[in-house]
Amino acid sequence: MFEIRHNDFDADAFVSLWSSVWDGCPSREQAALAIENSIDRVGVYDGSKIVAMARMIGDRGMCYYIKDVIVHPAYQGRGIGKMMIGELLRFIRENGVPGTDIAVELCAMPDKMPFYAKFGFEANEAQRMRMMLRAGETT
Ligand SMILES: CC(C)(COP(=O)(O)OP(=O)(O)OC[C@H]1O[C@@H](n2cnc3c(N)ncnc32)[C@H](O)[C@@H]1OP(=O)(O)O)[C@@H](O)C(=O)NCCC(=O)NCCS
């Protein structure tokens with residue numbers, strides 16, 4: 001019923017899906033650069049319409065980071081999020097050095113942690129540290 005496509009969705013789809021769930025969407029130009037440099041990105045389609053996306057950055061050897069997992073509100077609760085995470089994890093298993101362990105990380109709000117726990121993700125004592133830098137400024 002739903003079709004998964006790899007490395008297909010564009011910045012317009014990114015902006016549209018992001019804006020369906022959150023405020024403060026990155027610019028189209030920023031999204032284009034980010035998705036072009038993602039290792040794998042999956043889009044889920046209902047016919048020709050994209051209804052969900054997720055993408056992954058990383059070094060292919062030791063670590064990956066899953067980003068921007070979004071199912072359009074009208075399509076949530078139908079197994080699509082599960083399908084996308086499964087697809088990204090399959091990519092890692094198939095493309096890593098056989099026999100090695102690879103860290104897969106992501107950041108989740110507390111109410112989404114049970115969703116990720118179903119795949120085996122666990123919180124540890126490490127705390128996320130983050131700062132935002134303004135590109136183009138020299139100081
Ligand atoms: C979180 C999100 C990606 C889940 O996708 P989804 O397609 O609605 O989830 P699925 O239907 O694939 O659910 C898969 C399983 O997780 C469970 N699940 C989904 N969301 C859950 C939640 N918030 N808490 C607990 N369990 C959840 C489902 O019940 C289902 O369980 P089952 O396999 O035992 O039946 C989606 O709700 C979403 O896009 N939310 C808004 C954006 C967002 O917050 N993204 C995550 C950023 S961290």
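The report below takes up the basis of the model, its pockets and its ligand.

## Basis of the model

This is a predicted model, in which local features need pLDDT of at least 70 and side-chain atom pairs count only at pLDDT 80 or more, while totals for chains, interfaces and linings use all residues. Residues are numbered from 1 along each chain as its sequence is written, and side-chain values use heavy atoms, with hydrogens and water left out.

## The largest pocket

The largest pocket holds about 1600 Å³ of space. A pocket here is an open set of points, on a 1 Å grid over the protein atoms alone, where a 1.4 Å probe fits, with protein on both sides within 12 Å along at least five of seven lines, and its lining residues have an atom within 4 Å of a point. The volume is the space filled by probe spheres set on the points, which are joined across faces, edges and corners.

Of the 42 residues that line the largest pocket, Trp18, Trp22, Lys67, Asp68 and Val69 are the closest to its centre. Strand S4 gives the most to this lining, with seven residues; strands are DSSP runs of E with at least two residues, and helices are runs of H or I with at least four, numbered from the N terminus. By class, the lining of the largest pocket has 26 nonpolar, six polar and 10 charged residues, where Ala, Val, Leu, Ile, Met, Phe, Trp, Tyr, Cys and Pro count as nonpolar, Asp, Glu, Lys and Arg as charged, and the others, Gly among them, as polar.

## The ligand

The ligand sits in the largest pocket, in the sense that more than half of its atoms lie within 2 Å of the grid points of that pocket. The shell around the ligand has 20 residues, of which Val69, Val71, Gly77, Gly79 and Gly81 are the closest; a residue belongs to it if one of its heavy atoms lies within 4 Å of the ligand. S4, H3 and H4 each supply at least two residues of this shell.

A backbone N or O atom of Gly79 lies 2.7 Å from an oxygen atom of the ligand, and a backbone N or O atom of Gly81 lies 2.8 Å from an oxygen atom of the ligand. For Asp111, a backbone N or O atom lies 3.1 Å from a nitrogen atom of the ligand.

## The second largest pocket

The second largest pocket has a volume of about 730 Å³. Its lining is made up of 19 residues, and Leu106, Cys107, Glu122, Ala123 and Asn124 are the closest to its centre.

Technical notes: A polar contact is a pair of N or O atoms within 3.5 Å; within protein, one must be able to donate a hydrogen and the other to accept it, and residues adjacent in sequence count only if both atoms are side-chain atoms.
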